[in-house]
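Trainee: I have just opened this one and would like a walk through it. Could you take me around, one part at a time?

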Amino acid sequence: MNKSPKRVVICLGRSCRKYNSQKVLAAFKQNQDLLAEIELDTVKCLGQCGNGPMVSIEPDGVWYSQVRPKEVPLVIEQHLIGQSPVREMLYPKFHSKK
Ligand code: FES
């Protein structure tokens, strides 16, 4: 896992907003004290509409789909702090479940 500073990209496009991506963003912001070295960013579309809310973690190249606000603390603890992606939340189109 890449240990350089991470960037969390949250899609706030129309499709993802329909699935509450604003609440996902709010959940990350709520935990910002844990995220001192992490950059939060939003985009208008990640090109994966219909699978949202989509969140990508750079530079790890890890994508999460259908992210629920209550899952955000797990992403923070396990992936952003613990350096281990949350397998069960990975976007299956980009990450095979082997
Ligand atoms: S609106 Fe989020 S992937 Fe397109």
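**A walk through the chain**

Mentor: Let us begin with Phe94, which is partly exposed, its relative accessible area being 37%. Please keep in mind throughout that this is a predicted model.

Trainee: Which ring pairs with Phe94 at centres 5.0 Å apart?

Mentor: That is Tyr91, and because the planes of the Tyr91 and Phe94 rings stand at 75°, with the centres 5.0 Å apart, the pair is edge-to-face. Tyr91 itself counts as buried, since its relative accessibility is 3%.

Trainee: How many aromatic pairs are there in total?

Mentor: The count comes to 2 aromatic pairs. In the pair of Trp63 and Phe94, the ring centres are 4.9 Å apart and the planes meet at 85°, so this pair is edge-to-face. Trp63 sits in strand E4 (residues 62-64) while Phe94 belongs to the segment after H3, so the pair ties together parts that are 31 residues apart in sequence.

Trainee: Is Trp63 buried or exposed?

Mentor: Trp63 counts as buried, because its relative accessibility is 19% and the cut-off for buried is under 20%. Taken together, Trp63, Tyr91 and Phe94 form one aromatic cluster.

Trainee: What else does Tyr91 meet through its side chain?

Mentor: The side chains of Tyr91 and Asn51 are joined by a polar contact of 3.1 Å. Asn51 is in the loop between E2 and E3, and it counts as partly exposed because its relative accessibility is 26%. Leaving aside residues up to four places away in sequence, Asn51 touches Ser65, Gln66 and Tyr91.

Trainee: How far is Asn51 from Asn31?

Mentor: Their C-alpha atoms are separated by 24 Å, and the two residues are 20 apart along the chain.

Trainee: Changing topic, which residues of H2 are buried?

Mentor: In helix H2, which covers residues 21-30, the buried ones are Ser21, Val24, Leu25, Ala27 and Phe28. They lie on the same side of H2, because they cover an arc of only 155° around the axis. The face turned away from that buried side carries the exposed residues Lys23 and Gln30.

Trainee: And what do the buried residues of H2 pack against?

Mentor: They pack against strands E1 (7-11), E2 (39-43) and E3 (55-58), and also against helices H1 (14-18) and H3 (72-81).

Trainee: What about the chain as a whole, which pattern does it follow?

Mentor: Along the sequence the pattern reads β-α-α-β-β-β-α, and the chain holds 3 helices and 4 strands. Of its 98 residues, 45% are buried. Among contacts between residues at least 6 apart in sequence, 64% join residues at least 24 apart.

Trainee: And what are its overall dimensions?

Mentor: The C-alpha trace spans about 35 × 30 × 20 Å along its principal axes. The radius of gyration is 12 Å, which agrees with the value near 13 Å that a compact globule of 98 residues would have. The accessible surface comes to about 5,700 Å², and 48% of that belongs to carbon and sulfur atoms.

Note on methods
Residues numbered from 1 in each chain as written. Predicted model: local features only at pLDDT ≥ 70, side-chain atom pairs only at ≥ 80, totals over all residues. Heavy atoms only, no water. Buried < 20%, exposed > 50% of the residue type's maximum accessible area, 1.4 Å probe, protein only. Helix = DSSP H or I, 4+ residues; strand = E, 2+ residues; numbered from the N terminus. Arc of directions from axis to C-beta. Contact = heavy atoms within 4.5 Å. Polar contact = N/O pair within 3.5 Å; in protein donor to acceptor, adjacent residues only side chain to side chain. Phe/Tyr/Trp six-rings, centres within 6.5 Å; stacked < 30°, edge-to-face > 60°. Rg over C-alpha atoms; globule rule 2.2 N^0.38 Å. Areas by Shrake-Rupley, 256 points an atom, 1.4 Å probe, with all protein chains shown as cover.
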